[in-house]
Amino acid sequence: MSMKVYVTDYEYATLEPEKRELDKIGAVMIPKQCKTEADVIRECKDANGLIDQYAPITRKVMEALPDLKVVGRYGVGVNTIDVDAATELGIQVLNVPDYCMDEVSNQAISLMLACHRKLNILNSQVHHQGWDYKIAKPIHRLQGQTLGLLGFGRIPKMVAQKAKAFGLNIIAYVKPEVGLQYDVTILPLKDVLQKADIISVHVPLTKDTENLLNEQTFSWMKPEAIIINTSRGPLIDENALYHALKDKKIGYAGLDVTVQEPIQEDNPLLTLDNVMITPHVAWYSEEAELELKMKVAQGVADVLSGKKAKYLVNRDVL
């Protein structure tokens with residue numbers, strides 16, 4: 001009997017790349033649009049594998065799927081999956097950590113430049129028949145400023161490489177040994193936030209990093225500091241961010257991610273002109289989307305056919 005791989009939920013126009021990969025091992029792909037634990041348990045009860053976007057893959061879900069061997073996640077983060085429970089239950093968890101490094105690093109740089117040059121304010125004014133550069137004052141020279149990176153994995157390493165072309169000094173909050181070969185100064189979190197003119201957030205979302213940027217940590221920053229987030233929305237306390245921006249305790253924010261996605265219409269951040277928000281697009285290019293879809297399906301197919309998965313998150317499961 002053919003193995004069954006359920007796509008728990010997705011927002012892509014086609015799943016043909018996934019189907020082609022799973023066809024190679026004779027597995028049947030079954031698309032669903034699950035929102036809750038109950039949806040996944042009901043719709044995917046005989047799954048051998050899952051490919052997940054946003055649906056919660058909790059201990060309760062995995063315990064209810066007796067034939068489940070592997071869960072693949074569309075993306076880098078695996079915060080939708082209870083990885084510890086999966087390991088205990090002998091279920092392999094896969095991600096795709098390298099599919100959009102160029103795109104996300106470019107988005108971080110783009111938001112950084114747009115916030116630094118206050119492009120949203122200037123563009124909006126011209127669209128409303130204005131023509132006065134002085135509404136964006138003051139803008140200071142970017143060259144020689146300091147970029148603080150929170151995290152130093154694949155993507156922030158690319159951000160650092162690209163940012164050097166603009167003459168930025170790079171500091172980072174990360175384990176010291178990581179930055180040595182990249183000409184990056186490693187400092188404690190408080191020092192990075194105090195010294196940086198621009199802060200770009202790249203740490204993964206965990207219990208320890210949720211609300212990493214909050215009322216206290218905003219108070220350490222320069223009043224003209226720019227914050228860029230292309231990682232996960234809950235890394236920033238949005239209420240504290242709103243008040244820090246509104247009260248001019250920090251200068252600007254460029255966000256590709258928010259706590260609730262899509263962002264709620266009544267989110268007070270939408271009332272401010274010193275924040276730019278894009279709709280979680282940093283990962284996207286046509287090439288990155290195809291690579292993501294192929295790699296997650298390849299990983300699931302490898303596990304189901306007895307091969308070693310390239311992007312295994314919970315190595316202890318072996």
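Visitor: How many bridges join strand S9 to S10?

Guide: In this predicted model, local features need pLDDT of at least 70 and side-chain atom pairs count only at pLDDT 80 or more, while totals for chains, interfaces and linings use all residues. Residues are numbered from 1 along each chain as its sequence is written, and side-chain values use heavy atoms, with hydrogens and water left out. Strand S9 covers residues 198-201 and runs parallel to S10, and Ile198 stands opposite Ile226 in S10. Strands, like helices, are DSSP runs numbered from the N terminus (strands E, at least two residues; helices H or I, at least four), two strands pair if DSSP finds at least two bridges between them, and the number joining S9 to S10 is 4.

Visitor: Which residue of S11 is the bridge partner of Ile227?

Guide: S10 and S11 pair in the parallel sense over 4 bridges. Within S10, Ile227 and Asn229 point one way, Ile226 and Ile228 point the other way, and all are buried, where buried means under 20% relative accessible area with a 1.4 Å probe and protein chains only. In a regular strand the side chains alternate between the two faces of the sheet. The bridge partner of Ile227 in S11 is Ala253.

Visitor: Which strands are the edge strands of the open sheet?

Guide: The sheet has 7 strands in the order S8-S7-S6-S9-S10-S11-S12, with parallel pairing. At the S12 end, 3 bridges join S12 to strand S11 (residues 252-255), and Gly254 stands opposite Met276 in S12. Each edge strand pairs on one side only, and the two are S8 (185-186) and S12 (275-277).

Visitor: Which strands does helix H10 touch where it packs on the sheet?

Guide: Helix H10 spans residues 238-246, and its direction makes about 140 degrees with that of S11; such angles run from 0 to 180 degrees between N-to-C directions, and axes are lines fitted to C-alpha atoms, for helices over the stretch in contact. With contact meaning heavy atoms within 4.5 Å, the strands touched are S10 (226-229), S11 and S12.

Visitor: How are helices H1 and H11 oriented to each other, roughly parallel or roughly antiparallel?

Guide: Helix H1 (residues 16-23) and helix H11 (residues 286-304) pack with their axes 8 Å apart, at an angle of about 25 degrees. Angles under 35 degrees count as roughly parallel and over 145 as roughly antiparallel, so H1 is, relative to H11, roughly parallel.

Note on methods: Parallel < 35°, antiparallel > 145°, perpendicular 65-115°, else oblique. Buried < 20%, exposed > 50% of the residue type's maximum accessible area, 1.4 Å probe, protein only.
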